[in-house]
Amino acid sequence: MQAVTVRDREAGLAGLALADLPYPHMAENDVVVRVHAAGFTPGELDWPATWTDRAGRDRTPSVPGHEFSGVVEELGFGTTGVSVGQRVFGMADWTRNGSLAEYVAVEARNIAPLPADIDHTLAAALPISGLTAWQGLFDHGRLGTGQTVLIHGAGGGVGSIAVQLAREAGARVIGTGRSADRDRALALGVDTFLDLGTEKLEDAGQADVVFDVIGGDILDRSAALVRAGGTLVTIAMPPNVRPEDGRAVFFVVEPDRARLADLVRRVRDGRIKPVVGSVRPLAEAPAAFTPATRTPGKAIIRVTEG
Ligand SMILES: NC(=O)c1ccc[n+]([C@@H]2O[C@H](COP(=O)([O-])OP(=O)(O)OC[C@H]3O[C@@H](n4cnc5c(N)ncnc54)[C@H](OP(=O)(O)O)[C@@H]3O)[C@@H](O)[C@H]2O)c1
């Protein structure tokens, strides 16, 4: 099968190449999915899990990309809830070959059925951004109706879905980002937008939950914006500075079939809309990682038409 691979950690983005790999090995509780569309995270070549398996052994050549939409090709022993030929979408394991390939083997519990009227391109943009936004706001942030949430990177993949979910939950939303993100963030539903390039973060006011996707200095300074009893949630890096009277949480998104099903129902009902930035064929996936070619929203790789 055709797949995008990396073999040499030192090579960086230049090491991404299209290659011919064997059909994936299917373990117990796995399904093999024929990938129609796949997403990736630009920074994933820096993750240790891209290079080693769970036991820390070299697993190159490895296939990046950890979210996808496609059709079930084959079922392994012990799988439940999906059938051969079914449209599905979901997440691939961090320490196994990913979704920038014609086929991917994943645990059945990491995928959910995809309704017939949702396009694979849109569905591939949902798993990681949607689950991360939900888990950050509600599981870790414990955001409630009537509370205020400050969402950094409100025009990006995770931030744009977090804004829509928070609005629907009845929260007041302050979004941040670059000046170019302002109109998109307002259209998604932020009550106010703060341009991190020209405005002072400290002027954003206090929030019950601060959701950080940027890290560094922005994350450090965000701790002071958390109201007493509130939470600083970050997906970028473990925080160095904690709120004086509140919690700080760094987490890594977890697969969740039931939540995926809920999120795709919301897409179908027009309640949330993943932002797709660009759509390219598999052969152009290596170029799609390059920062200079990126457009706002998720970069989606269309692997198979139909
Ligand atoms: N821990 C987890 O489970 C988890 C899950 C998903 C994602 N992540 C990580 O979270 C981060 C965000 O993911 P994403 O998919 O939302 O990325 P994304 O689509 O690139 O969104 C990030 C947004 O923040 C903006 N931004 C970044 N730095 C900024 C700055 N200094 N000032 C103003 N705006 C800034 C970006 O603008 P520009 O595009 O203009 O820079 C973009 O709009 C990535 O590092 C990703 O690897 C972690």
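Thr231 is buried, with a relative accessible area of 3%, where buried means under 20% relative accessible area, exposed over 50% and partly exposed in between, as computed with a 1.4 Å probe on protein chains only. The structure is a predicted model, in which local features need pLDDT of at least 70 and side-chain atom pairs count only at pLDDT 80 or more, whereas totals for chains, interfaces and linings use all residues. Residues are numbered from 1 along each chain as its sequence is written, and side-chain values use heavy atoms, with hydrogens and water left out.

Thr231 is found in strand β12; here helices (H or I, at least four residues) and strands (E, at least two) are DSSP runs, numbered from the N terminus. When residues up to four places away in sequence are not counted, Thr231 touches His140, Gly141, Asp208, Val209, Val210, Val226, Arg247 and Val249, contact being defined as heavy atoms within 4.5 Å.

Strand β12 belongs to an open sheet of six strands, whose order is β10-β9-β8-β11-β12-β13 and whose pairing is parallel; two strands pair if DSSP finds at least two bridges between them. The edges are formed by β10 (192-195) and β13 (246-250), each with a single partner strand, so one side of each is left without a neighbour in the sheet. Neighbouring strands of this sheet are turned by 15° against each other on average, direction ignored, where axes are lines fitted to C-alpha atoms, for helices over the stretch in contact, and angles run from 0 to 180 degrees between N-to-C directions. Within the sheet, strand β8 (residues 148-151) and strand β11 (residues 207-212) run parallel and are joined by three bridges, and Phe211 in β11 is the bridge partner of Ile151.

Two helices lie across strands of this sheet. Helix α2 (residues 127-140) lies across β8, β11, β12 (226-234) and β13, and runs at about 150° to β11, while helix α3 (residues 157-168) lies across β8, β9 (172-177) and β11, and runs at about 170° to β8. Gly159 lies in helix α3 and, at 2% relative accessibility, counts as buried. Apart from residues up to four places away in sequence, Gly159 touches Ile151, His152, Gly153 and Ala154. Between Gly159 and Arg242 there are 83 residues of separation in sequence and 21 Å in space, C-alpha to C-alpha.

The axes of α2 and α3 come within 8 Å and cross at roughly 55°. That makes α2 oblique to α3, given that angles under 35 degrees count as roughly parallel, over 145 as roughly antiparallel, 65 to 115 as roughly perpendicular and the rest as oblique. The crossing of α2 with α3 is right-handed, a term that applies if the near helix is turned clockwise from the far one by less than a right angle, and left-handed if anticlockwise. In this contact, Ser129, Gly130, Thr132, Ala133, Trp134, Leu137 and Phe138 in α2 meet Gly157, Val158, Ile161, Ala162, Leu165 and Ala166 in α3. The residues of the contact of α2 with α3 divide into nine nonpolar, four polar and no charged, where Ala, Val, Leu, Ile, Met, Phe, Trp, Tyr, Cys and Pro count as nonpolar, Asp, Glu, Lys and Arg as charged, and the others, Gly among them, as polar.

Helix α2 also meets helix α6 (residues 257-268), and the axes of these two helices come within 10 Å and cross at roughly 105°. The helices α2 and α6 are therefore roughly perpendicular to each other. Pro127, Gly130, Leu131 and Trp134 in α2 meet Arg259, Leu260, Asp262, Leu263 and Arg266 in α6, and the residues of this contact divide into five nonpolar, one polar and three charged.

Further strand pairs involve β3, β4, β5, β14 and β15. Strand β3 (residues 30-39) and strand β4 (residues 67-75) run antiparallel and are joined by eight bridges, with Gly39 opposite Glu67 in β4. Strand β4 also pairs with strand β5 (residues 87-91) in the antiparallel sense over five bridges, and there Glu67 stands opposite Met91 in β5. With β15, strand β3 pairs in the antiparallel sense over three bridges, whereas strand β14 (residues 276-281) pairs with β15 in the parallel sense over five bridges. Ile301 in β15 is the bridge partner of Ala38 and also of Arg280.

Five of the five residues of strand β15 (residues 298-302) are buried, so this strand is largely enclosed by the rest of the structure. In a regular strand the side chains alternate between the two faces of the sheet. In β15, Lys298, Ile300 and Arg302 point one way and Ala299 and Ile301 the other way, and all are buried.
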